[in-house]
Protein chains: 2
Amino acid sequence: MSSMEDQVRRRLGERGVRYTPHRRAVVTALARADGPRSAAELRDDIGDSIPVSSLYRSLGVLERAGVLTPHLGSRDVIRYELAEWISGHHHHLVCIDCGSVEDVTVPSPVESEVRSLVAGIAGGSFTPLAHTLEIEGRCARCA
Amino acid sequence: MSSMEDQVRRRLGERGVRYTPHRRAVVTALARADGPRSAAELRDDIGDSIPVSSLYRSLGVLERAGVLTPHLGSRDVIRYELAEWISGHHHHLVCIDCGSVEDVTVPSPVESEVRSLVAGIAGGSFTPLAHTLEIEGRCARCA
DNA sequence: TTCCTTGCAAACGATTTGCATTGGA
DNA sequence: TCCAATGCAAATCGTTTGCAAGGAA
């Protein structure tokens, strides 16, 4: 079992939450994906063997445990991705035509610039904790 | 009538769309707001005089006309804001506790850095057209 | 008249929840 | 045994749409 799986299992264990087959299926599907995935998209990957309600419950449990993060940049649907402590920090390329979302990582010198920008921007009463650069445009397929 | 109103009216006119009282109410409410607003929030501002369906239809018309932009960073709801050609370019402070979203403008030297970062990041097959830095954290009220 | 806009109510669709059952520790 | 996890069906709720009435050009 990969180290990533171990990390997830440990995190869940610490919170008294089981790492069941459904939950593992969700985690591995998201680990394979190159961007956030909706419940429907995950169901395509995993198969109908997982009932809709169980899928949503798994997503909720994993989110509350800090394993998944919801990405809200899509109309009508919530797409989930692995939390950044698992997947690493990244940004998003959002296609304005088909709505697909893809992850991008930026070179660390660039990233540290972004980080300091963020620190500077949110000056006053707002406490910044995380950030994403959402880049909207047209993906290869829709170009 | 303000110049902003004129711009909106002209834009709608070019597309053969009327600038009705409902639509104007939506636009002025968003012009007053300091961040994106959902249908429910707008209805609080405007009053129940506007039926839900008319509100949603107004939002749709204004979005299609390029007057409004949907902000999708909120669970369950779509919040709209004036398009950037009206309101100017800005970023968002999203509170992870209460979900409120506030606009922030960054100094233009900083902004041009961000712009060049974006150009660099989306190198390959993806064509960047716009971007927002979504900064998640805790707002003053929730601190 | 003609077409766009409006309002009400019904329809949609993604997500959530009640409840009885199953399964692991 | 005991409590978390599961599955099905029913319920939610934001949003959309059908259709008939109202209004502007």
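Helix 4 of chain B gives the most to the surface near DNA strand D, with four residues. Helices here are DSSP runs of H or I with at least four residues, strands are runs of E with at least two, and both are numbered from the N terminus. Before I go on, this is a predicted model, in which local features need pLDDT of at least 70 and side-chain atom pairs count only at pLDDT 80 or more, while totals for chains, interfaces and linings use all residues. Residues are numbered from 1 along each chain as its sequence is written, chains are lettered from A and ligands numbered from 1 in the order in which they are written, and side-chain values use heavy atoms, with hydrogens and water left out.

I'll stay with DNA strand D. It is surrounded by 18 residues, and the closest are A:H22, A:R23, A:R57, B:Y56 and B:I78. A residue counts as near a strand if one of its heavy atoms lies within 4 Å of it. Of the atoms of DNA strand D that come within 4 Å of the protein, 65% belong to sugar and phosphate. Helix 2 (21-32) and helix 4 (52-64) of chain A, and helix 4 (52-64) of chain B, each supply at least two residues of this surface. By class, the surface near DNA strand D has seven nonpolar, five polar and six charged residues. Nonpolar covers Ala, Val, Leu, Ile, Met, Phe, Trp, Tyr, Cys and Pro; charged covers Asp, Glu, Lys and Arg; the others, Gly among them, are polar.

Now some polar contacts, meaning pairs of N or O atoms within 3.5 Å. A polar side-chain atom of B:R57 is 3.0 Å from a base oxygen of DNA strand D. B:I78 places a backbone N or O atom 2.8 Å from a phosphate oxygen of DNA strand D. For B:D76, a backbone N or O atom lies 3.2 Å from a sugar or linking oxygen of DNA strand D.

Which residues come nearest to DNA strand C? They are A:Y56, A:I78, B:H22, B:R23 and B:R57, out of 17 residues around DNA strand C. Sugar and phosphate again make up 65% of the atoms of DNA strand C within 4 Å of the protein. The side chain of B:R57 has an N or O atom 2.6 Å from a base oxygen of DNA strand C. B:S53 has a polar side-chain atom 3.3 Å from a base nitrogen of DNA strand C, and a polar backbone atom of A:I78 is 2.8 Å from a phosphate oxygen of DNA strand C. Helix 4 of chain A, with helix 2 and helix 4 of chain B, are the elements giving two or more residues to the surface near DNA strand C.

On to chain A, which has six helices and six strands. Its helix 2 and helix 4 have axes that come within 10 Å and cross at roughly 75°. Axes are lines fitted to C-alpha atoms, for helices over the stretch in contact, with angles from 0 to 180 degrees between N-to-C directions. Helix 2 and helix 4 of chain A are therefore roughly perpendicular to each other; that label covers 65 to 115 degrees, with under 35 roughly parallel, over 145 roughly antiparallel and the rest oblique. Contact means heavy atoms within 4.5 Å, and helix 2 of chain A makes this one through A:H22, A:R23, A:V26 and A:V27.

Terms used:
A polar contact is a pair of N or O atoms within 3.5 Å; within protein, one must be able to donate a hydrogen and the other to accept it, and residues adjacent in sequence count only if both atoms are side-chain atoms.
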